[in-house]
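Here is a short report on one protein chain.

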Amino acid sequence: IFSAANKVADEYETGFVGPDLVGYAAQTMDRIIECMGGKGELVLITGPPQISFVQLQQMGWDASLEKNPGIEVVQTLVDEDLSTAKAVDLANAALTANPNATGILSSTDNIGVGVEQAIKGQGVDPKTICTAGWDAQPNAVELVKAGSYDLTLSYLGYKWGQIALETAIAAAQGNLPESHYVVTDGLFIDSSNVNDLTPDQIKGKTPIS
């Protein structure tokens, strides 16, 4: 039994195939903190805390925050259904309650897009609030191109799926992976590379030259 995407407990699986979510979460937080100039008020909008990837993501965020005392997490909100519509409401409330916030970090781009809609709706210059999420959704990538969304992470899903299937086939033939964790790559997308990437490269279907 191999799990991919949402991980189960080690004892219930032969192995896990996927990215190092804790590591990528720490890197994401590091980059948001850098965008904020190393200090300021930060809002977190997460997915449901019972979901595995949200738990792992929070671990990475916390590891980064421990090293950056200049950042104050002023509010943490939960988007239970990971929806953009709910995220708009949550972000509007967060912006009203925390007018000095200079960063909003979201678990997913579905949430992050809602955050951007709320920022725009309140007439706030998006360049004054650092924002990021995960998934590299096409609409989020377009926001990165426009300069209003600072960062997203692609899991390179096509390649991830290939590796997961190849790992399972090899195991069925008696060749188990050397480690319980078969780590796959991710790709950060920001202003430095967004205009050079094709949709297939973002999906992991074609290599990045």
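Which elements do the buried residues of α2 pack against? They pack against α1, β3 (40-46), β4 (71-78), β5 (101-106) and β6.

## Basis of the model

This is a predicted model: local features need pLDDT of at least 70, side-chain atom pairs count only at pLDDT 80 or more, and totals for chains, interfaces and linings use all residues. Residues are numbered from 1 along each chain as its sequence is written, and side-chain values use heavy atoms, with hydrogens and water left out.

Helices (H or I, at least four residues) and strands (E, at least two) are DSSP runs, numbered from the N terminus. Helix α2 covers residues 52-66. Its 15 residues should span 21 Å at 1.5 Å a residue, and its end C-alpha atoms are 21 Å apart, which agrees. The expected span is 1.5 Å times one less than the number of residues. The buried residues of α2 are Ser52, Phe53, Val54, Gln57, Gly60, Trp61, Ser64 and Leu65. Buried means under 20% relative accessible area, exposed over 50%, and partly exposed in between (1.4 Å probe, protein chains only). An α-helix has 3.6 residues a turn, so residues three or four places apart point the same way.

Helix α1 also has 15 residues. From first C-alpha to last, α1 reaches 21 Å, close to the 21 Å expected at 1.5 Å a residue. Its buried residues are Leu21, Tyr24, Ala25, Ala26, Thr28, Met29, Ile32 and Ile33. Just after α1, glycine 37 takes a positive phi of about 75°.

## The disulfide

How many disulfides does the model hold? The count comes to one, taking a disulfide as a pair of cysteine sulfur atoms within 2.5 Å. Cysteine 35 is joined to cysteine 130, with 2.1 Å from S to S. The two cysteines link distant parts of the chain, 95 residues apart. Cysteine 35 sits in helix α1 (residues 21-35), and cysteine 130 in strand β6 (residues 130-134).

The torsion about the S-S bond is about -85°, so the disulfide is left-handed. Are the two ends buried or exposed? Cysteine 35 counts as partly exposed, at 36% relative accessibility. Cysteine 130 is buried, at 5%.

## The largest pocket

The largest pocket has a volume of about 200 Å³. A pocket is an open set of points on a 1 Å grid over the protein atoms alone, where a 1.4 Å probe fits, with protein on both sides within 12 Å along at least five of seven lines. Lining residues have an atom within 4 Å of a point. Grid points are joined across faces, edges and corners, and the volume is the space filled by probe spheres set on them.

The lining has 13 residues; the closest to the pocket centre are Ala136, Pro138, Val141, Pro199 and Ile202. The largest share, four residues, comes from α5. By class, the lining has six nonpolar, three polar and four charged residues. Ala, Val, Leu, Ile, Met, Phe, Trp, Tyr, Cys and Pro count as nonpolar, Asp, Glu, Lys and Arg as charged, and the others, Gly among them, as polar.

## Loop residues around α5

Aspartate 135 lies in the loop between β6 and α5. It has a positive phi of about 125° although it is not a glycine. Aspartate 135 is partly exposed, at 31%. Alanine 136 lies in the loop between β6 and α5. Its phi is near 55°, a positive value in a residue other than glycine. Alanine 136 is buried, at 9%.

Serine 148 is found in the loop between α5 and β7 (151-154). It counts as buried, at 11% relative accessibility. Leaving aside neighbours within four places in sequence, serine 148 is in contact (heavy atoms within 4.5 Å) with Glu116, Pro126, Thr131 and Leu143.

## Two further sites

Alanine 164 lies in helix α6 (residues 157-172). It counts as buried, at 18% relative accessibility. Not counting residues up to four places away in sequence, alanine 164 touches Ala4 and Val17. Its C-alpha is separated by 26 Å from that of alanine 140, 24 residues apart along the chain.

Glutamine 122 lies in the loop between α4 (109-121) and β6. It counts as partly exposed, at 34%. Leaving aside neighbours within four places in sequence, its contacts are Asn92, Leu95 and Thr96. The C-alpha atoms of glutamine 122 and leucine 95 are separated by 8.5 Å, with the two residues 27 apart along the chain.
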